Amino acid sequence: MKKNVTESVFYVGVDDKTLDLFEGQYIIPNGVSYNSYVIMDDKIAIMDMVDKRAAKDWFHNLDEVLGDKQPDYLIISHLEPDHSANLSEVLQKYPDIKLVSNAKLFGMLPNFFEVPVKERSVVINEGDTLELGKHTLNFVMAPMVHWPEVMVTYEQTDKILFSADGFGKFGALDTEEDWACEARRYYFNIVGKYGMPVQTLLKKAAALDIQIICPLHGPVLSENLEYYIGKYQVWSSYEPEDKGVFIAYSSLHGNTAQAAKELAQMLEKQGVEKVAISDLAREDMAECIEDAFRYDRLVVAAPTYDGAVMPVMTDFIHHLKLKTYQNRKVAFIENGSWAPMSGKLMKEQFEAMKNITIVDPVVTIRSTVKDADRQNLMKLAEALA
């Protein structure tokens with residue numbers, strides 16, 4: 001069944017609910033969509049492809065829209081395999097099709113495909129246009145959002161931004177769920193390191209009259225676009241989205257967990273409206289990263305382990321560092337039976353990050369939580385409130 005974006009732009013993507021880990025690491029309980037589109041005009045353009053897992057359904061969708069017509073162009077905005085895996089089959093099925101993309105992408109293409117494309121390639125640059133008939137495509141380079149070859153395409157007639165991985169989210173299209181939650185988890189774990197390039201792209205997009213956003217994952221966005229663009233403005237500037245405290249903890253025997261939970265209760269009594277808490281060993285790491293970026297305050301609580309920090313906390317902090325965590329207030333709870341070191345070591349990691357306000361002193365628990373420890377936890381809660 002054809003899915004119209006507009007009268008002449010069709011959705012031909014595919015939902016995938018069989019994949020357990022996106023990019024081999026991100027849990028996707030509601031699957032993911034691989035989005036592709038077709039613009040029907042005097043010249044016909046296919047906008048990106050799908051993952052190899054979805055090839056059969058994608059070609060079926062293409063046949064349903066194209067009928068007996070042959071496409072003239074394949075626009076490739078991003079070479080990652082979940083958007084380009086079908087290239088060899090496309091070239092066989094449509095022998096006269098032209099590939100349209102930028103020089104950086106064509107330079108990377110042999111890394112993935114051993115197919116001759118030189119005679120079929122249309123190399124475009126920033127600001128170039130392609131006339132299809134009633135529709136005109138305008139190409140905008142978006143390097144490092146989140147690969148170096150990425151570009152987006154603006155269709156001038158229907159005022160559509162084909163946004164590559166921008167404005168994407170986890171979750172198949174038939175899933176009813178809040179957009180922001182899975183879009184936020186998607187953004188910070190996949191694109192989050194590249195805030196400056198995203199800001200550059202947003203500035204370019206601000207000059208365009210955008211009425212519809214067609215991402216490569218997630219739903220087509222056609223209403224309240226200010227909301228979605230506003231989220232990207234906040235996320236890419238590394239500013240907190242909400243005022244609140246996220247407590248991330250790891251615990252060997254439950255004592256550090258108890259301290260973290262008691263602190264959460266104290267913060268709520270202090271009037272902190274939003275307090276989130278996660279056991280790093282049991283909860284999705286990608287969601288923990290999402291929450292760390294969402295709120296303006298972070299507490300990390302971990303025991304000393306082998307003279308260092310418990311590994312799951314080390315991994316959490318490593319992820320934050322990779323994603324350029326910054327502009328937050330951070331506090332620490334450590335635990336150790338004879339030589340607590342985790343607080344000092346965690347603090348050193350955050351001190352090396354940009355614009356981090358450290359809350360002193362580190363609260364030190366020696367094995368179990370005692371009344372004196374609760375007094376120190378209350379002082380920490382007051383400092384964070």
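Reply: Let's begin with a word you'll need: buried means under 20% relative accessible area, exposed over 50%, and partly exposed in between (1.4 Å probe, protein chains only). Keep in mind that this is a predicted model, where local features need pLDDT of at least 70, side-chain atom pairs count only at pLDDT 80 or more, and totals for chains, interfaces and linings use all residues. Residues are numbered from 1 along each chain as its sequence is written, and side-chain values use heavy atoms, with hydrogens and water left out.

Me: What makes Y232 count as buried or exposed?

Reply: Y232 has 3% relative accessibility, so it goes down as buried. W235 is buried too, with a relative accessible area of 1%.

Me: Why is the pair of Y232 and W235 called tilted?

Reply: Rings of Phe, Tyr and Trp (its six-membered ring) pair if their centres lie within 6.5 Å; planes under 30 degrees apart are stacked, over 60 edge-to-face, and the rest tilted. That rule gives 23 aromatic pairs. For Y232 and W235 the centres are 5.6 Å apart and the planes sit at 50°, so the pair is tilted. Both residues lie in helix 7 (residues 225-236), 3 residues apart, about one turn of the helix. Helices here (H or I, at least four residues) and strands (E, at least two) are DSSP runs, numbered from the N terminus.

Me: And what makes F293 and Y325 edge-to-face?

Reply: Their planes stand at 85° with the ring centres 5.2 Å apart, so edge-to-face is the label. This pair links distant parts of the chain, 32 residues apart: F293 is in helix 9 (residues 285-294), while Y325 is in the loop between helix 10 (311-322) and strand 21 (326-335). F293 and Y325 are both buried.

Me: How do you know that helix 10 and helix 11 are roughly parallel or antiparallel?

Reply: Axes are lines fitted to C-alpha atoms, for helices over the stretch in contact, and angles run from 0 to 180 degrees between N-to-C directions. Angles under 35 degrees count as roughly parallel, over 145 as roughly antiparallel, 65 to 115 as roughly perpendicular, and the rest as oblique. Helix 10 and helix 11 (residues 342-351) pack at about 10°, with axes 10 Å apart. Helix 10 and helix 11 are therefore roughly parallel.

Me: Why are strand 12 and strand 16 said to stand at the edges?

Reply: Two strands pair if DSSP finds at least two bridges between them. The open sheet has 5 strands in the order 12-13-14-15-16, with mixed pairing. Strand 12 (129-131) and strand 16 (212-214) each have a single partner strand, so one side of each is left without a neighbour in the sheet.
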